[in-house]
Structures are given as C-alpha cells and as structure tokens.
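User: I would like to learn how to read the contacts and the helix packing in a model such as this one. Could you show me the entry and take me through it step by step?

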Amino acid sequence: MLLQVENIHKRYGTAEVLKGVSLNVVAGQSKVIMGPSGTGKSTLLRCINHLTPPDQGRVLVEGVEITSANLNKMREKLAFVFQDFNLFTHLRAVDNVAVGPRKIRGMNKVAARDLAMRELERVGMVERAEAYPAELSGGQQQRVSIARALAMEPKVILFDEPTSALDPELTGEVVAVMKQLASDGMTMLVVSHEIGFARQAADEIIFMDGGHILEQGPPEQLFASPQHERTRQFLSRIGEGGAGA
Amino acid sequence: MSEFLEFGAEHLPYILEGLPITLGLWALAMAIGALFGLLLAWARLYGNKLIYGAATAYVEIFRGTPMLVQMLFIYLGLPEIGIVFDPFTAAVIAIGLNTSAYQAEYFRGAIRSIPRGQLQAARAMGMSQFQGLRWIILPQALRRVIPQWSNEAILELKYTSIAYAIGVSELTARAEKIGYETFMFFEVFMLLALIYIVLTGTVAQILQFLEKRTAIPGL
Amino acid sequence: MIVEILITQMPYLLHGVWVALQLLVCLLALGFVLGLSLAILEVYGHWTLRWFGVLFERIFRGIPAIVLLLLFYYGVADFVDISAFTAAVLALGLRSAAYQSQIFRGSILSISQGQMLAARAMGMSKPMAIREIILPQALRLSIGPWTNEFSSEMKATSLAYVIGVVELTRQARYIISSTQGNILAVFAVVAALYFIFNWLGNWGLYRLERKLAVPGFEQGGQG
Ligand SMILES: Nc1ncnc2c1ncn2[C@@H]1O[C@H](COP(=O)(O)OP(=O)(O)OP(=O)(O)O)[C@@H](O)[C@H]1O
Ligand SMILES: [Mg+2]
C-alpha cells in the first residue's frame, strides 16, 4: 500500500468537518474524490500532507507515518496541486519547476534545470519555460504547477480541484495532462468533478458527504448504480448517469 | 527608578515651559504649509508652463535637501542680504516652507484621485471651473488627504525639535539646558523622549478622532 | 572671490559628503538587518515578539531624531565612551529599523498566502520558504517605499551635526567660521550637494527596481 489514510478527524471550532475518513491508494492507482461543496474534500487533502494538521488519525506513505519530525521529508513524497496554482510569482516557469529539486533535493543548478525542462516537456510547456506566471494563461499555469509537482519525483500527487478555477475552454489541456500522467502509472488522488477524467482515468471514485466517505467503487459501477440517494442526487446535478438523471 | 521620578518631578515644569513654543512652532508651520501647499498643488495641476515649472522646482528642492540646512540658510544666511529673523520666526518659516512642499504633493495626489466626472457634473450645473474646484473637488480632496496629512503633521511635530539648533527655546533646548546644569544627560533626555512619545501619541489620537468625525461614506 | 573660496573649500565639503555617506550606509544597514528581522518575527513569530516589535516601533517612531541623537550621545556617554559617529549610527539606525520594519511587514503581508502554502506543500521548511519564496517577493515590493526611507534618512544624516559628527552640514559651519562669511553661498552649495546625493540615490534605486522587476509585481512597480 503506497498511501494509507486512517481515521482522519478534523474540526474547526464546533464544526466537525472530517468525521473519521480512511482510504488507501495502491501504487499506480488514480482515485477521484467527489462530493458536494463544503463536504470536507479540500480539508481531507490538506490533512493528508498535514498542511492542516488532523486532530486525530494517521497518514502513512510506504508504511511510514507522517509526524512533525519527518514532515518536510514526507511532503516531498506527496506533491500537491492547488486549485489556484500558486506558482511562485517571482520565478520563471522553469525556475518554478527547478526550485524544489535545487533547494530541497540539493541538485546542482544544471541538473535541476535539465530535470525542469524534461518535466515541462511532459506537460507541453517547454516553449514557455522562460515566461513568468503572470504571463501565462490559467491552463498554462496549472500545467507548470503539475510539472513543479512532478519534479519532486513524488510517490503520490494530490490534486485539489485543479480545473475549477479555469475557464471551460482551458480545462481540456489540464485534463489531458492528468490523463497522460495516470496512464504513465503515476499514483494520484484527485478531488475533481471532471467526469471525463473520472470515467477514463480513475480506478476508483470516492464519494464524500458530510465529512464521511459515503461510498466508493470503480467509475462504471458508481456512475451506473450508486447505492445512496445522496450520491444519485449529486451525480444527476453534475449531469452524470445514475437512475435519478 | 524613584530617583528618575524625583528628577522628573523636579525638572519637568521647566522643560514643559517649552511646550507652548513647540506647539506654536508646529501650528504656525502646519498652517503656512497647508496654505502654501494648496497653492503649490494648484500651480502644479492647473498652472501654465512657467508656474508649473516654478512650483515643481520649489517642491523638488525643498524635498531634496535637509530641513536643518534650510533653517540655517534662512537664519544665518539671509541676514547677509539684510533679511533678519529672530530664531522663532526663522524656524516657523523653515518648517512651514519645508512641509508645504510635502503637503503640496499630498494635495495634488488627492485632487487627482477625484474622478473627472465630479468636475464635469459641476460644470454641467453651470459652475465655473474655479467654482467647481472650490466647491466640489476641494472638499472631497481635503477629506481624502486627511490620513496623509495627519502623518505629515506628526512628522513635523517631531521636526520642530530641529529649531533647537538655532536656539529656539522649545522642549529640546530646555532639556539640554537642564542637562548641562545637572550633568544628568541620560535622565534628562529620557524624560524628553517620554514627553515626545506622549505628545505625538496624544496628537495622533486626536487626529484619528477628527478623521473619524469627518469621514463620509464612500469617500 | 566667493567662487575662489568655494573651490579651495570644496575638498572639505566633499569630505563632509563622504562622512555623511558612511553614516547613511551604516544606519541604513543597521536599519535593514534589524527592520527585516523584526518584520519576519512579527509576521511569523510568537505573539510576544509581535508585541515587542510594536512597542519598538512605537518608541522609535515617537521620538524626534534629534532627541535620539542627544540621548545616544550625551545620555549613553554617561555610562560608556561612545563616539559621535557611533551614537549617530545607533540613534538613526534603530529609528530607521522601526520605519523599515513597517515597510517590510507590509510587503510580506501583501504576498498571497498561497505562496507559503505551496512552498510548505513541496516540503520546504518554514525558514527555507521565507528565504526562497517570500523574501525575494517581499523585497522587490519594498524597493519603492524603501526609496522614500533612503531619502528621508539621507536628509536625517544632517542632524548628526548637533552632536558634532563632522558631516556635510558641520563642514559648512566650519568653512563659514574660518572664512568669516559667504554663508548664503556655502549653504547653497551644501544644499546642492545634498540634492545631487539624494537624486543619485533615488535614480540608482529606481534602476534597481526596474532591473529586478518581474511581471505580476506591477502594483509595487511605481514606488
Ligand atoms: N480554515 C478554516 N476555518 C474554519 N472552517 C473551515 C476552514 N477551512 C474549511 N472550513 C470549513 O470546513 C468545511 C469543509 O471545507 P472544505 O474546503 O474542505 O470543503 P470542500 O469539500 O473542499 O468544498 P468545495 O467543493 O467547495 O471546495 C466547510 O464548511 C468550510 O467552511
Ligand atoms: Mg475544496
């Protein structure tokens, strides 16, 4: 098991946002988390790499538990792709990708740059390597941020709604990159309502509601015959299958 | 500590006799600065080439050189050509002319920040250009400039201490005099520092209060 | 006659400029190191540090530069031997730290939270994220307001005159005493020297800002 998430609890004030969430991801798998807004999907992803420390529960990568002592080492294995990209404003695209290998993994300048160019190639952004984030479209920024994640050579990439800040005509280029990664065997845990990606690239869909995992299963099964009424309602709202559609 | 309090109690009254002079310097200089600053702002915004050039040179020169040099120039230099001021007057003029250059820039910025439509609406009502500026633009600009103006006022309040260098008997000069009489320089200048902290803190509070009182929603 | 005096005295005036420059560099350096540290501690540190920073700023911004100079020279001399130059660096430098920390804190706080989040998510430690990601951005944003601080401290060096640092203004007084007159001419030249000094500094900082400019930082671009 590459990633084990065990019984995560998180509360903000009196509101319990995560009420004991557990899930596992095997190497090479892609899992997609769906669910209504405010249900705790982002909180779960942030708890997994401890950007938000969980109140209770454990996260293990390759059998090693994340603790405050090994936090930064473990985060190198868990890359994170943000909804709003968060590219480093003062760095060119290529330096955004190279900064991690260089400063965190201690690579020399030339090797880090070579690696960065290879990762930019993978996301189709080599031509804009010298551009600053402010000079790129949203879709391009998100592809660079995926390259930045890849350059850390992580075990798992966590995506938090990577396309929801994009204009509809720009989501395609990002989804295409993600599909390619999935078929290359990258291990991914993706919060997204992109049906195309879920259908074609996900090994499993996880449906969350109210701080719980309500149900999970392969996309064909979950989309065709959801077990719970909440799942059905949600799927019909986002325009996908289910008896309620 | 108790020694310091004793020292303070003994010499505070003498030092505080300089307070009216400090405040007088400050108030007169700020008033001159405001009037002259407005004039300069007007010259830089609406003046012809010559007026604009002169006002710009004035602002650049006064902002580009130290106030102390300006004060020495006025107090020590001008008598060479027959213009003699007593120290207090020289200090008021120097601080006033200096702050007018800064205030001019704040006024100019504030006037420029008022949307063009305001003046156009005034003209459309039949106001002259001058009336529009006087009754519509200026009142809005003055309210907008209050935060920066308050900041400038506090800075100038501290700068009045420079007048000590030409022998005005304000707070700092009086404190120094006590210093030479008692040779307790540390105590006396600590006391002076405390006086200024209280003074600038109080003035800042008052200005903030006035700022709130004159606030207009949406401006 | 006046011209002749000015020419023969020019080396003294230029030496005064040199002393003023040294004073300015030292006080700005002290203000920079201390101001930046204060800003970082205030933003990322424990609340006690924030409290200390606010107190430090209140105190050093509430006291006139002249009073600080007198306090650090005559006051401190009651306890330890201190040269007028050192006293001036300390007095003006600590005051500058109070102003600079405000500049840096403003810039740090204006950087989007996502930058820190993304850096931490990659596995950067907090100090590394501050050094590699936050500061390069914050310092760029600070150049504009820092230029004003430069200008204001450049003029403040003249105040060291009151404790006897032989900088430009004090040199002018010496020349006036030794040549018995020419006051207007000497002060006019001194004013011109300050003006040029200030102008060169502003020009250099503007060039620096241009050189380091990055798309997406336009809001800080004009200063
Ligand atoms: N820092 C915070 N402080 C307080 N409450 C928070 C915080 N972050 C999230 N919450 C609350 O936790 C709940 C879950 O938020 P979360 O962002 O995880 O939902 P989500 O499933 O990602 O929703 P969306 O689809 O809108 O992104 C929400 O009710 C939110 O208001
Ligand atoms: Mg979310």
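Analyst: Let us begin with the term contact, which means heavy atoms within 4.5 Å. This is a predicted model, in which local features need pLDDT of at least 70 and side-chain atom pairs count only at pLDDT 80 or more, while totals for chains, interfaces and linings use all residues. Residues are numbered from 1 along each chain as its sequence is written, chains are lettered from A and ligands numbered from 1 in the order in which they are written, and side-chain values use heavy atoms, with hydrogens and water left out.

User: Of the two pairs of chains that touch, which has the most contacts?

Analyst: The pair with the most contacts is that of chains B and C. Chain A and chain B, by contrast, do not touch, and their nearest C-alpha atoms are 27 Å apart.

User: How many helices and strands do chains B and C have?

Analyst: Helices (H or I, at least four residues) and strands (E, at least two) are DSSP runs, numbered from the N terminus. Chain B has nine helices and zero strands, and its C-alpha atoms fill a box of roughly 70 × 50 × 20 Å along the principal axes. Chain C has eight helices and zero strands, with its C-alpha atoms in a box of roughly 70 × 45 × 25 Å, again taken along the principal axes.

User: At what angle do the axes of helix 7 and helix 9 of chain B cross?

Analyst: Two packed helices are described by the angle between their axes and the distance between the axes. Axes are lines fitted to C-alpha atoms, for helices over the stretch in contact, and angles run from 0 to 180 degrees between N-to-C directions. Helix 7 (residues 129-159) of chain B and helix 9 (residues 185-213) of chain B have axes that come within 10 Å and cross at roughly 160°. Helix 7 of chain B and helix 9 of chain B are therefore roughly antiparallel to each other, on a scale where angles under 35 degrees count as roughly parallel, over 145 as roughly antiparallel, 65 to 115 as roughly perpendicular and the rest as oblique. Among the residues that make this contact are B:Ile146, B:Pro147 and B:Ser150 of helix 7 of chain B, and B:Tyr196, B:Leu199 and B:Thr200 of helix 9 of chain B. By class, the contact of these two helices has ten nonpolar, two polar and two charged residues; here Ala, Val, Leu, Ile, Met, Phe, Trp, Tyr, Cys and Pro count as nonpolar, Asp, Glu, Lys and Arg as charged, and the others, Gly among them, as polar.

User: Is the crossing of helix 1 of chain C with helix 2 of chain C left-handed or right-handed?

Analyst: A crossing is left-handed if the near helix is turned anticlockwise from the far one by less than a right angle, and right-handed if clockwise. Helix 1 of chain C passes helix 2 of chain C in a left-handed crossing, whereas helix 7 of chain B passes helix 9 of chain B in a right-handed one. The axes of helix 1 (residues 2-44) of chain C and helix 2 (residues 47-62) of chain C come within 8 Å and cross at roughly 140°, which makes helix 1 of chain C oblique to helix 2 of chain C.

User: Which residues are around ligand 1?

Analyst: A residue is near a molecule if one of its heavy atoms lies within 4 Å of it. The residues around ligand 1 include A:Tyr12, A:Thr39, A:Lys41 and A:Glu161. An oxygen atom of ligand 1 lies 2.8 Å from an N or O atom in the side chain of A:Lys41, and an oxygen atom of the ligand is 3.2 Å from a polar backbone atom of A:Thr39.

Definitions and conventions
A polar contact is a pair of N or O atoms within 3.5 Å; within protein, one must be able to donate a hydrogen and the other to accept it, and residues adjacent in sequence count only if both atoms are side-chain atoms.
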